[in-house]
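Trainee: I am new to this one. Could you take me through it, one question at a time?

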Amino acid sequence: MLRPLLQVDNVSKSYGFREIFSNITFLVREGEKAALVGPNGVGKSTILKIMAGKETVTSGRVQNFVDAQVLYVPQDPQFDPAANPVTILTQREAELGAACAGSTAEALSRFGFAKAESKQPIANLSGGQKTRLALALAWLSQPELLLLDEPTNHLDQNGLDWLAGFVQQYPGTIFMVSHDRYFLDQSAERVVEMAPDGAAEFLGNYSAYRTAKEKAFQSQLAEYESEQKRIHKVEQAIARQMQWFTKSHNTAGQNTEVRMGSKEFYRARAKRIARQAKSNIKRLEKMRESSVGKPVPDETIRLDSFHERASGRRLILAEELSKAFDKPLFTKAGFSVSRGEKVGIVGPNGTGKTTLLKLITGREQPTQGTLWVTPGAQIGYLDQELTSLDRSPTVIDEVMSAFDGHTAEQRTKARTLLGCFLFSAADIDKQVGVLSTGERKRVALVKLLLSSHNLLLLDEPTDHLDLPSREKLEEAMLAYEGALLIVSHDRYLLDRVCTRVLAIENQEIKSYPGGYSHYAAQREKDHKVSNQQKTATAKPKLSKDQRTLLENRMARLNSELALMPKDDPRYAEA
């Protein structure tokens with residue numbers, strides 16, 4: 001049983017009159033790896049800062065059960081831009097003295113800093129390199145509680161795998177916020193779901209949390225339906241009793257054809273039925289007050305049946321395709337994309353994934369080879385900078401620009417899809433320019449999905465999106481009947497949506513059937529085969545018979561050498 005380390009107890013936080021969250025309670029235990037999830041804006045980063053002592057609570061408290069060192073690593077670590085990683089790590093090593101967990105050299109090696117980049121100014125480092133530097137500083141300190149706020153930002157697949165290993169092997173407690181579901185599946189042992197008015201805890205990784213949520217929904221729905229049946233039976237009983245009461249009351253009041261004794265009987269019966277009905281009405285009111293609320297299912301995304309201009313089965317064909325800037329990105333690549341395919345594009349940062357999308361759109365030209373795109377392709381492109389969006393109009397007006405016309409039916413369709421992508425009725429009248437990056441990305445995605453494109457090119461579509469938004473985007477991609485090319489580090493999305501993966505590695509573009517897991521398994525298998533072939537080339541394995549013959553020959557030579565005089569010229573030769 002893990003000992004308690006820290007308790008967030010009924011914590012609330014407000015800025016002026018604006019309440020961010022309230023009644024947040026959860027426990028952090030020694031040695032565990034736990035994740036905090038919830039929609040954007042719910043206050044996850046604020047809770048981490050409160051736990052680290054960088055923010056104060058409006059009400060409630062944070063109770064520390066042991067005197068533990070707590071270190072907070074923010075989403076975008078800030079350093080002196082003129083310094084370099086060696087200088088910063090050396091300074092931390094000197095500050096910690098004997099308490100330091102290792103040396104600067106070891107930290108640089110562990111966190112993947114090559115000699116050249118370790119001496120570069122911080123201003124020249126990428127976001128992923130800054131994240132690794134912040135984690136290297138944390139490793140030197142080895143705090144008992146490490147708080148990580150979106151550590152997966154800016155990392156490619158190799159970086160994400162490395163980070164998962166770091167979390168799993170870390171000797172202390174890690175409490176992290178992340179929107180990378182694949183990473184959470186690898187790293188988290190417990191999930192805390194945060195809402196504006198409370199928090200709920202789930203054992204297991206992200207997939208276990210989603211399964212438990214769905215099970216809880218189905219259980220609540222079954223309980224609700226069972227209670228509604230019981231309520232309906234009581235309502236029917238009351239209705240029957242009211243009919244009997246009315247009939248008895250009317251009969252007792254008749255002046256003819258009813259003897260005096262019969263009138264008293266019907267009066268008594270009417271009173272008895274009225275008492276029973278009144279009792280049942282009170283029972284019904286209590287049942288309604290204590291009944292389980294009807295769970296509200298997420299709105300399911302549905303897209304109209306897809307219609308496109310007549311075109312061939314193949315949309316894209318690359319032959320001997322090469323692209324280089326100051327250095328080659330890929331050479332002599334060949335691949336094709338067919339109608340309706342959903343293709344993921346993966347590879348380390350800087351290998352040319354975005355460039356490949358720009359080649360397809362015609363924004364870049366091949367260095368060599370050909371890239372043919374069918375004339376029937378109607379291409380929609382989501383770039384990382386969201387340049388397709390006009391920031392001046394309202395959300396609903398910008399989305400409506402996807403249509404040729406502006407009919408009432410189209411406006412209803414646009415409002416419905418915006419609702420599916422978590423925009424409220426008030427949100428859709430906001431100006432696009434005042435929205436967050438994640439909200440603007442959702443607007444751009446809705447606009448693309450409502451358009452008449454039959455080929456969508458999406459560059460990191462889940463960046464800046466929270467978990468609910470990512471799940472909605474996946475639903476939309478699965479419902480979309482056109483072809484998709486998706487550049488993404490979101491391995492969960494690639495697994496759920498994609499039917500094929502194009503991997504850009506070592507200046508090659510290789511095609512793998514299936515989603516990300518199939519690609520990763522096949523890639524691991526290919527690497528093993530390659531290593532075996534290298535080993536076989538360097539040191540060919542001998543058969544049992546060959547080994548026996550060689551050992552016999554060596555034994556015979558040793559015997560001849562032992563009997564040979566040392567002054568014999570053949571001795572030196574042997």
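Trainee: In which strand is Lys332 found?

Mentor: Keep in mind that this is a predicted model. Phe335 has its place in a strand that covers residues 328-338. Lys332 is found in strand E11.

Trainee: Is Lys332 buried or exposed?

Mentor: Lys332 has a phi near 50°, a positive value in a residue other than glycine. For accessibility, the cut-off for exposed is over 50%. Lys332 has 61% relative accessibility, so it counts as exposed.

Trainee: And Phe335, buried or exposed?

Mentor: Phe335 also has its place in E11. Phe335 touches residues including Ile316, Leu321, Leu356, Leu371, Leu502 and Ile509. Buried means under 20% relative accessible area. Phe335 has 7%, so it is buried.

Trainee: How far apart are the C-alpha atoms of Phe335 and Glu319?

Mentor: Along the chain, Phe335 and Glu319 are 16 residues apart.

Trainee: Which residue in E9 is the bridge partner of Glu193?

Mentor: Strand E8 covers residues 190-195 and strand E9 covers residues 198-203. The two form a hairpin with two residues between them. They pair in the antiparallel sense over six bridges. In E9, the partner of Glu193 is Ala200.

Trainee: Are H2 and H5 roughly parallel or roughly antiparallel?

Mentor: Helix H2 (residues 85-96) and helix H5 (residues 127-141) pack with their axes 10 Å apart, at an angle of about 20°. Angles under 35 degrees count as roughly parallel. That makes the pair roughly parallel.

Trainee: Is their crossing left-handed or right-handed?

Mentor: Among the residues that meet are Ile88, Leu89 and Arg92 in H2, with Leu133, Ala136 and Leu137 in H5. The crossing of H2 and H5 is right-handed.

Trainee: Where does Gln142 lie?

Mentor: Gln142 has a positive phi, near 50°, in a residue other than glycine. At 26% relative accessibility, Gln142 counts as partly exposed. Gln142 lies in the loop between H5 and strand E6.

Key. Residues numbered from 1 in each chain as written. Predicted model: local features only at pLDDT ≥ 70, side-chain atom pairs only at ≥ 80, totals over all residues. Heavy atoms only, no water. Helix = DSSP H or I, 4+ residues; strand = E, 2+ residues; numbered from the N terminus. Buried < 20%, exposed > 50% of the residue type's maximum accessible area, 1.4 Å probe, protein only. Contact = heavy atoms within 4.5 Å. Pairing = 2+ DSSP bridges. Axes fitted to C-alpha atoms, helices over the stretch in contact; angles between N-to-C directions. Parallel < 35°, antiparallel > 145°, perpendicular 65-115°, else oblique. Left-handed = near helix turned anticlockwise from the far one by under 90°. Lists of a residue's contacts leave out its neighbours within four places in sequence.
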